[in-house]
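The entries below follow the order in which I went through it.

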Amino acid sequence: MSKLWYDKPATHWEAALPIGNGRLGAMVFGGTREERLQLNEDTLWSGEPKDCNNPDAATWIPKVREALFAGDYLKADELSKNMQGPFNQSYQPLGDLSLTFELNDAIEDYHRELDLESGIALTRFRSMGSMYERRVFASVPDDVIVVALEADTSGHLSLTARLHSKLRHSVLAEDDTTLVLRGQAPFHVDPSYHGPDPGYVYDDEKGMRFSLFLRAIVQGGSIFQGEEGTLRISEADRVLLILSADTSFNGFDRSPSADGVDPDTEARTRLEAAAAKGLEKLNASHLADHQSLFRRVSMDLGPSHDSEPTDRRVQAYADGAADPGLAALVFQYGRYLLMASSRPGTQPANLQGIWNDHIRPPWSSNWTMNINSEMNYWPAESTHLSECHEPMLRFLSELAINGRETARVNYGLPGWVAHHNADLWRQSAPAGNYGQGAPTWACFNMSPAWHCMDLWERYAFGGDTAYLRDCAYPLMKEAAEFCLAWLVPDDQGYLVTAPSTSTENTFITPDGQPAQLSIASTQDMALIRDLFSHTIEAAQILDWDHGFCEELIAARARLLPWRIGKRGQLQEWSIDFDEAEPHHRHLSHLIGLYPSNQITPEETPDLAQAARRSLDLRGDDSTGWSMAWKVNLWARLKDGNRAHKMLDYLLRLVEQRGTQFTGGGVYANLFDAHPPFQIDGNFGVTSGIAEMLLQSHRRTPEGGYIIDLLPALPDAWPEGYVKGLRARGGLTVDLCWKDGVLEESAITAGRTTRTQVTYGNATCSLDFNEGQTVRLKGRNHPPELLEA
């Protein structure tokens with residue numbers, strides 16, 4: 001059963017249930033006498049476009065490098081602060097819909113749920129002799145949020161509807177059926193970690209404008225304007241509420257105040273169109289859209305304790321109860337959240353997806369590009385949601401426009417660059433507020449290299465050469481141009497980066513001081529090697545840029561190689577420094593293992609063993625998203641039981657809502673807990689479960705993909721199936737297993753291809769025509785693959 005369900009209303013935000021259509025989001029609390037829908041719109045941000053580049057930054061690079069090559073790391077840290085730019089702007093809450101019901105009797109038989117397969121949040125209870133039911137969904141086809149209210153006794157629905165917002169706003173009742181909230185976002189918002197409250201300022205002339213419409217349609221009873229901009233509904237049989245919203249956003253490079261659109265126009269148009277359709281048609285179009293994506297993948301990992309409310313189910317699991325079905329629920333929840341927060345034409349899922357209730361949200365609820373925004377899209381291709389990848393791919397093309405200017409102004413280099421953070425206005429310059437940020441994150445300039453994996457993976461899974469030619473390759477080439485120019489030779493002739501960070505971690509210098517910047521972190525080298533390799537392959541596929549391709553091949557051969565340290569670990573820095581935080585949450589030196597494919601137990605066993613040692617040294621317990629990354633890393637090491645142990649850590653019920661850097665898990669609504677809430681952990685664990693069951697990152701000598709069936713199946717899932725996972729090379733894979741052994745696999749090709757399939761020690765090569773399905777059976781131990 002793909003449902004989250006509870007026997008009481010949500011008492012705090014992290015227990016409410018999320019719905020969304022990629023652009024509009026709501027958190028549904030499921031109250032009885034007081035219902036709350038907390039609302040978001042994905043372009044409602046503080047600020048406006050501005051020049052964030054720092055013309056002085058380029059003059060400081062030689063000084064920072066001089067200090068680094070002299071071994072004066074602390075001096076380099078201080079000098080690098082002169083290279084910073086301003087903080088990002090912040091994602092904002094839209095408002096709330098509050099419903100106050102006239103219920104004068106006790107509440108009985110309470111139930112609320114989120115049905116992942118339908119995308120509908122349901123609240124149901126009995127009071128005053130009637131069964132009350134509410135259904136809430138966010139429609140992609142109609143671009144509205146729908147609230148359907150009914151009671152099984154005629155005339156038992158009486159309520160007051162209100163709109164309000166934490167932002168500057170006013171509310172008007174246009175007529176007896178329609179409320180309009182119009183507001184303005186702050187012109188500037190400081191990050192939550194910087195400075196005291198309030199931390200934001202308004203400008204009467206500048207900033208984003210927004211409009212939120214509510215239309216009420218009743219059957220039976222009456223509806224009229226209440227006091228202070230409310231709607232009163234009395235003794236109705238059924239009520240349909242439609243929410244529509246828009247902002248003045250008119251592009252990342254245009255002022256939403258001076259050159260913005262009228263937010264009323266589209267919001268009103270959508271409202272009227274949805275109202276004319278009525279509930280039955282709205283529901284049908286929503287279900288058709290939602291299920292066309294969600295039903296592509298189905299999964300059963302074993303017995304499921306879904307008779308218990310979800311919060312108690314998670315607690316029971318943490319207390320030791322076996323519940324393989326909980327992992328399947330978490331897997332599908334991640335897919336649901338990606339569908340709800342990222343659809344073609346919307347903004348990409350940010351640090352909190354699209355759900356945020358704070359004017360100063362954690363880490364500005366922006367795109368944090370040193371792991372978090374990348375992790376958001378790890379499951380997009382492998383779990384059959386390629387369409388949901390589109391917002392991030394488009395975001396990168398827009399970010400590159402600003403990134404070219406940042407490369408020119410801040411570095412004096414070609415290509416494009418971006419840094420640790422980005423916002424709605426596509427800030428590509430380093431954040432840090434001109435010297436107030438820590439260099440270990442502010443100096444990170446490898447986010448294009450990392451995010452170019454998104455561009456390549458879209459091609460690797462789909463095989464669309466036109467997309468590679470027109471969209472992916474131009475951005476990959478320019479990112480590679482920047483990296484090629486950024487590299488410098490060290491005293492041994494290797495090409496290295498300087499300054500360089502291992503994201504957010506620090507090391508201990510030879511004289512015992514903690515320092516942040518170094519030369520050629522393993523992270524940098526892995527990202528550049530990955531970028532160069534994929535850019536070379538793309539150029540060869542397209543038969544383009546032969547000279548540039550040769551440059552990249554030559555430079556790749558000179559990149560500082562991997563190094564194994566004194567503890568047998570994969571070194572995090574080019575020098576075998578000790579970590580200031582040995583159990584740090586970031587695992588950036590293991591990018592080569594996952595999400596890249598440079599380290600594998602088969603092709604690079606020594607490096608794989610060193611990566612394993614690094615994971616052991618780092619420890620298991622960490623923040624939510626870090627443990628999700630570890631699921632993927634252990635899966636790549638073919639250690640299913642250790643990957644499952646990370647799931648055990650992750651599936652712990654967390655109450656803490658403030659910031660802390662240990663003790664991660666999930667909240668009552670299964671949102672990932674850093675804590676606080678970050679959605680990347682939800683997406684990361686979905687990717688990790690997929691990696692445990694199917695991998696396709698390894699290559700044949702001819703350049704094809706190797707499909708690995710059940711590469712990291714844990715003992716805890718002895719019997720189960722999954723249908724609809726995607727593999728590179730355009731393949732869709734179904735798997736079923738029993739007693740821990742593969743029974744059957746069906747592989748369907750989306751295009752003509754040749755691939756190699758492995759299971760255990762058995763291997764076979766297969767040629768596919770487009771649309772062809774080949775069924776393979778496993779038998780014996782060790783198993784053999786047999787074509788049926």
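I began with Val733, which stands opposite Ile747 in strand E33. I note that this is a predicted model, in which local features need pLDDT of at least 70 and side-chain atom pairs count only at pLDDT 80 or more, while totals for chains, interfaces and linings use all residues. Residues are numbered from 1 along each chain as its sequence is written, and side-chain values use heavy atoms, with hydrogens and water left out.

E32 and E33 (residues 741–749) are antiparallel, with eight bridges, and in their hairpin, which has two residues between the strands, Asp739 has a positive phi near 55 degrees. On E31 (residues 720–727) I found E32 (residues 731–738) paired in the antiparallel sense as well, over seven bridges, with Ala727 opposite Leu731. The hairpin of E31 and E32 has three residues between the strands, and there Gly729 takes a positive phi near 95 degrees.

**The open sheet.** Next I traced an antiparallel open sheet of nine strands, in the order E1-E6-E7-E8-E9-E18-E15-E12-E11. Its edge strands, each pairing on one side only, are E1 (3–6) and E11 (168–175). With axes as lines fitted to C-alpha atoms (for helices over the stretch in contact) and angles from 0 to 180 degrees between N-to-C directions, neighbouring strands of this sheet are turned by 15 degrees against each other on average, direction ignored. E11 is joined to E12 (residues 178–184) by seven antiparallel bridges, and Ala173 has Leu179 as its bridge partner in E12. Helix H3 (residues 263–294) packs on the sheet, touching strands that include E7, E8 and E9, and its direction makes about 140 degrees with that of E18.

**Cysteines.** How many disulfides (cysteine sulfur atoms within 2.5 Å) are there? I count zero by this rule. The sulfur of Cys443 is too far for a bond, because the closest cysteine sulfur, in Cys483, is 15 Å away. Cys764 is in no disulfide either, the nearest cysteine sulfur being that of Cys736 at 16 Å.

**Ser626.** Last, I asked where Ser626 is placed, and found it in helix H15 (residues 624–636). Contact meaning heavy atoms within 4.5 Å, Ser626 touches Arg585 and Leu587, not counting residues up to four places away in sequence.

How values were computed:
Helix = DSSP H or I, 4+ residues; strand = E, 2+ residues; numbered from the N terminus. Disulfide = S-S within 2.5 Å. Pairing = 2+ DSSP bridges.
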